[in-house]
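Student: Could we go through this model together? I have a few quick things to ask.
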Amino acid sequence: MLAALALLFFAGGALPLHARAQAVDKKSLWKSVPFAIVKFNDDAPKSWNMYHSEKKGLLLLHLWKRYLLLDVKGEEVFEIDPQTVKPAGDDVEWSLTDKPEQPIETPEWKTRDLVSVERIRFRLGKNGYILELQIPLQANGKPMY
């Protein structure tokens, strides 16, 4: 009887751990950001798309063959392995567990609210290219994403 109770206790305790492990491995759906503007050295790149998750302040930018994770609140950018991003129609699937430990150096980070959009401008690397994003704001002036 005691062995059966112990078995139930341990089996019941193992299920939530297993479920949590599956949840960590699960890729999140990142939805396309409509009406955003991207500039690369003051020109529009020929190939790009931007995605947002349920978590505000995190954006995934697909720029040519590159993926960049932008943490707007933390003012950090991370280079993402394109092999970890899976297309899902107009959206993509990607897990935050695949985020690298070290961000790219992003000097000259500036954020500015321009009434209907938030402008984020920074340099990729110490002497790198300038990347500018214009993201729509809600009517109350808070970021949509």
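Student: Leaving aside neighbours within four places in sequence, which residues is Gly57 in contact with?

Tutor: This is a predicted model, in which local features need pLDDT of at least 70 and side-chain atom pairs count only at pLDDT 80 or more, while totals for chains, interfaces and linings use all residues. Residues are numbered from 1 along each chain as its sequence is written, and side-chain values use heavy atoms, with hydrogens and water left out. With contact taken as heavy atoms within 4.5 Å, Gly57 is in contact with Leu70, Asp71, Val72, Lys73 and Tyr145.

Student: And how far apart are Gly57 and Tyr145, in sequence and in space?

Tutor: They are 88 residues apart in sequence and 6.0 Å apart in space, C-alpha to C-alpha.

Student: Where is the place of Gly57, and is Gly57 buried or exposed?

Tutor: Gly57 lies in the loop between β3 (48-52) and β4 (58-63), strands being DSSP runs of E of at least two residues, numbered from the N terminus. Gly57 is buried, with a relative accessible area of 7%, where buried means under 20% and exposed over 50%, partly exposed in between (1.4 Å probe, protein chains only).

Student: New topic: in what order do the strands of the open sheet run?

Tutor: The 4 strands are ordered β2-β11-β10-β9 with antiparallel pairing, and two strands pair if DSSP finds at least two bridges between them. The edge strands, β2 (37-40) and β9 (110-114), each pair on one side only.

Student: How many bridges are there between β10 and β11?

Tutor: Strand β10 (residues 117-123) and strand β11 (residues 130-136) pair over 7 bridges, and Glu118 stands opposite Ile135 in β11.
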